Amino acid sequence: MINYLNDKSWLSHLENEFQKDYMVELAEFLDSEEADVYPSQDEFFAALNLTPLDKVKVVILGQDPYHGEGQAHGLSFSVKKGVKIPPSLRNIYKELNEDLGIEIPQHGFLEDWAKEGVLLLNNCLSVRKAQAGSHQKKGWEKFTAKIIEVVNDHCENVVFILWGSPAQKKGKNIDESKHLVIKTVHPSPLSSYRGFFGSKPFSQANAYLAQKNRETISWEVRN
């Protein structure tokens, strides 16, 4: 798996993780999977490869990759062009439009955000086809906790956007004296009307970055 993490800024902090027992066991588990696994192995670390550590300005934490065919590609909440936009992302786009007046995109491919410095990180980085949660408690959670620890310790003035209680638990050790943490309910249709809509996370993030003399995020997703 390490072959697919090729960004040196991340490798300098994470390379040793791949030698640890939990990651060796995770690699063996993934090799043993006979069902289709999403995303493909070369996309497991897409979020890290697209957003180097020294470029991270915002972290948006998701849970599992999408488990439908052709959906997951390594960025939380994102799907490739041509794939139907999932309900949670539709709600994210609605809030983006209400918050910043940005036109709602026609696709769900968030690579533009990743290249702007938004680390689109999932809690687990793989899933079995059509089986939500199937790769939980296999080691990914420990690895992604390490990623958050690295950002917390080695970056300054990062905005962590934590939607829903699992993300908020994952971010419980973030140092709020050096970073901004934005917490609301998840954008899922099941919870979005309980405080996600109207929360203005995008303008909040940019206001904080500007206050800290960091370049703000262009949240536009180009069609």
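In this predicted model, the axes of α2 and α6 approach to within 9 Å and cross at roughly 130 degrees. The crossing in which α2 passes α6 is left-handed. The residues that meet across this pair are Y22, M23, L26 and L30 on the α2 side, and W140, K142 and F143 on the α6 side.

Helix α2 itself covers residues 21-32, which is 12 residues. From its first C-alpha to its last it reaches 16 Å, close to the 16 Å expected at 1.5 Å a residue. Its buried residues include Y22, M23, L26, F29 and L30. Viewed down the axis of α2, the buried residues fall within an arc of 115 degrees, so they line one face of the helix. They pack against α6 (140-154) and also against β4 (127-128). On the face of α2 turned away from that buried side sit the exposed residues D21, E25 and D31.

The other site is V58, which belongs to strand β2 (residues 58-62). V58 has 0% relative accessibility and therefore counts as buried, the cut-off being under 20%. Leaving aside residues up to four places away in sequence, V58 touches G117, V118, L119, V158, V159, I161, A205, L209, I217 and W219. One of these contacts, L209, lies 151 residues from V58 in sequence, yet the C-alpha atoms of V58 and L209 are 9.2 Å apart in space.

Methods: Residues numbered from 1 in each chain as written. Predicted model: local features only at pLDDT ≥ 70, side-chain atom pairs only at ≥ 80, totals over all residues. Heavy atoms only, no water. Helix = DSSP H or I, 4+ residues; strand = E, 2+ residues; numbered from the N terminus. Expected span 1.5 Å × (residues − 1). Buried < 20%, exposed > 50% of the residue type's maximum accessible area, 1.4 Å probe, protein only. Arc of directions from axis to C-beta. Contact = heavy atoms within 4.5 Å. Axes fitted to C-alpha atoms, helices over the stretch in contact; angles between N-to-C directions. Left-handed = near helix turned anticlockwise from the far one by under 90°.
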